[in-house]
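Please prepare a short briefing on the structure shown here. Keep to what can be computed from the model, grouped by topic.

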Amino acid sequence: MSCPECNQPLKNGYIVSSRRISWSESGESAWAEDGSEVLIKDAWFKLKKTPALKCEACHLVMFKHK
Ligand SMILES: [Zn+2]
C-alpha cells in the first residue's frame, strides 16, 4: 500500500500507547476530553498496540480504530 499523499510505500507497524487516543473535530484545547471520540482506549497493564501504516517521506500515519 502506498501513501495517499505522496505515493511513497508505507511501512507496517503499530501505534503504541499506554494512554487513550481521541479524535475531536474542534481545534480548541480542552482540559477534559468530553465530546471527543475515543479511538484507542486506555491500557492499564500493558501497552496497547494498534496496527498502523507510516510514511517516512511525509510523516503521515494511518491506523484503523475498532
Ligand atoms: Zn507520504
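Cys3 is buried, at 1% relative accessibility, whereas Cys6 is partly exposed at 28%; buried stands for under 20% relative accessible area, exposed for over 50%, and partly exposed for the range in between (1.4 Å probe, protein chains only). The model is predicted: local features need pLDDT of at least 70, side-chain atom pairs count only at pLDDT 80 or more, and totals for chains, interfaces and linings use all residues. Residues are numbered from 1 along each chain as its sequence is written, and side-chain values use heavy atoms, with hydrogens and water left out.

**Cysteines**

- A disulfide is a covalent bond between the sulfur atoms of two cysteines.
- With a disulfide taken as a pair of cysteine sulfur atoms within 2.5 Å, the count is 0.

**Sheet**

- Helices (H or I, at least four residues) and strands (E, at least two) are DSSP runs, numbered from the N terminus, and two strands pair if DSSP finds at least two bridges between them.
- Strands of a sheet pair through backbone hydrogen bonds, either parallel or antiparallel.
- Here 3 strands form an open sheet in the order β1-β4-β5, and the pairing is antiparallel.
- β1 (11–17) and β5 (61–63) are the edge strands, each pairing on one side only.
- From one strand to the next the twist averages 45°; axes are lines fitted to C-alpha atoms, for helices over the stretch in contact, and angles run from 0 to 180 degrees between N-to-C directions.

**Strand pairs**

- The antiparallel pair of β1 and β4 has 7 bridges, and Ser17 stands opposite Lys48 in β4.
- β4 (residues 48–54) is joined to β5 by 3 bridges, and these two strands also run antiparallel.

**Thr50 in β4**

- Thr50 belongs to strand β4 and is buried, with a relative accessible area of 8%.
- Setting aside neighbours within four places in sequence, Thr50 is in contact (heavy atoms within 4.5 Å) with Gly13, Tyr14, Ile15, Ile40, Phe63 and Lys64.

**Rings**

- Lys49 lies over the face of Tyr14, 5.5 Å from the ring centre; a charge sits over a ring if NZ of Lys or CZ of Arg is within 6 Å of the ring centre and within 35 degrees of the ring normal.
- Rings of Phe, Tyr and Trp (its six-membered ring) pair if their centres lie within 6.5 Å, with planes under 30 degrees apart counted as stacked, over 60 as edge-to-face and the rest as tilted.
- By that rule there are 0 aromatic pairs.

**Positive phi**

- Most residues other than glycine have a negative phi, and most peptide bonds are trans.
- Asn7 has a positive phi near 70°; Asn7 lies in the segment before β1 and is exposed, with a relative accessible area of 58%.
- His59 also has a positive phi, near 70°, and its place is in the loop between β4 and β5.
- The hairpin of β4 and β5 that holds His59 has 6 residues between the strands.
- His59 is exposed, with a relative accessible area of 65%.
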